[in-house]
Amino acid sequence: HGLWSALVRTSLYHLHRSEYHDLNWRPNLLIFGGPPAQRAYLLHMGASVVQERGITSYIEMLKGNVSELISDRDKVQRNFSALAPRYPNVFFRADIVPDVYRGVVTIAQSYGIGNFQSNTVMLGWPNKRERSASYFRMVEDLILLDNTLMLVKYDDAKGFGKHRHIHVWWGGLQANGGMMLLLAYLTISHHLWRQAKVTALTVVDSEDARDKAKTGLENIFKSARLDAEAKVILRESESIEAIISRESKNVDLAFLGLRLPHDAEDPADLFDHYEGLLKNLPTTVLVHSGNDFKAAPILFDV
């Protein structure tokens, strides 16, 4: 027991002393959801991305006061023990919070020790328009805390399909694009996704830009040693939303970049925009990269 405690202390000390760099970025994932049986898709997506590379924690939050909900919390914790054999690499925990969205931010910034902290947060996409303002405020706070965000809109009818085709919508040479490619790469190394094809798609406004964009994406794939296909689409008169819906409606999983509301923008309008787009798509992960991630191509060599 004494030797084990000493090893743990030594490991934590080295983690605390280590410095962050793109080359050692790995997902330490916090999944926030309700009862896991109702959010199994979050566990599936989290397990596909993290596997043995990082730490995955699933947090079920109970809204209310500790004095009133402590027995409920104990019951939830006992129920988690039955899930452990199915998800051996996931830590389960229940927390009592006065407000769910504020609770997410509080837990995200306090979870871990030293450099051994969460750097990625996964949430389900909200299903109520009236909550969009609070939801996006929470998302903005999580990003300010340097978390990568994965917001999952799950297709109840199709699930993850046949685990054979993933689309990554590339919006430019920026951290969101690099993070989405990295997440797709991590996903296809999971045994359920091992036969999946990754296609990175981007939209341009001219023929001149098409060849340049295709060459640029292919160079990124080559330097990252990522087996993926580049597809460059000429926009013409079609909207970006219509192109995305047409191209990706029949794949098994899509990654899209996430933007926050502009200063003068009503969060409900942005919610409506994404709802209109997502309703025609398969299970989709909206991604916003943490500020610390610079999308170094060598990152894919894991």
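I looked up arginine 225 first. It sits just after helix α7 and takes a positive phi of about 55°. Helices here are DSSP runs of H or I with at least four residues, strands are runs of E with at least two, and both are numbered from the N terminus. This is a predicted model, so I kept its limits in mind: local features need pLDDT of at least 70, side-chain atom pairs count only at pLDDT 80 or more, and totals for chains, interfaces and linings use all residues. Residues are numbered from 1 along each chain as its sequence is written, and side-chain values use heavy atoms, with hydrogens and water left out.

Next, α7 itself. Helix α7 (residues 207-224) has 18 residues and reaches 26 Å from first C-alpha to last. That is close to the 26 Å expected at 1.5 Å a residue, where the expected span is 1.5 Å times one less than the number of residues. I listed its buried residues (under 20% relative accessible area; exposed is over 50%, partly exposed in between; 1.4 Å probe, protein chains only). They are Leu217, Ile220, Phe221 and Ala224. Why do they lie on the same side of α7? Because they cover an arc of only 95° around the axis, taken from the directions from the helix axis to the C-beta atoms. Asp208, Asp211, Lys212 and Lys222 are exposed on the other side.

I checked other positive phi values. Most residues other than glycine have a negative phi. Aspartate 146 is not a glycine, yet its phi is about 70°. It lies in the loop between α5 and β7 (148-153) and is partly exposed, at 29% relative accessible area. Histidine 163 has a phi near 55°. It is in the loop between β7 and β8 (165-169) and is buried, at 16%.

Then the core. I took a nonpolar core as a set of buried Ala, Val, Leu, Ile, Met, Phe, Trp, Tyr and Cys residues joined through side-chain atoms within 4.5 Å. The largest has 48 residues, and Ile166 and Phe255 touch the most other members. Helix α6 (residues 175-188) gives the largest share, 8 residues. A second, separate core of 36 residues includes Met61, Tyr101, Val104 and Tyr274.

Last, a helix pair. Helix α4 (residues 100-110) and helix α5 (residues 132-144) pack at about 10°, axes 9 Å apart. I noted the axes as lines fitted to C-alpha atoms over the stretch in contact, with angles from 0 to 180 degrees between N-to-C directions.
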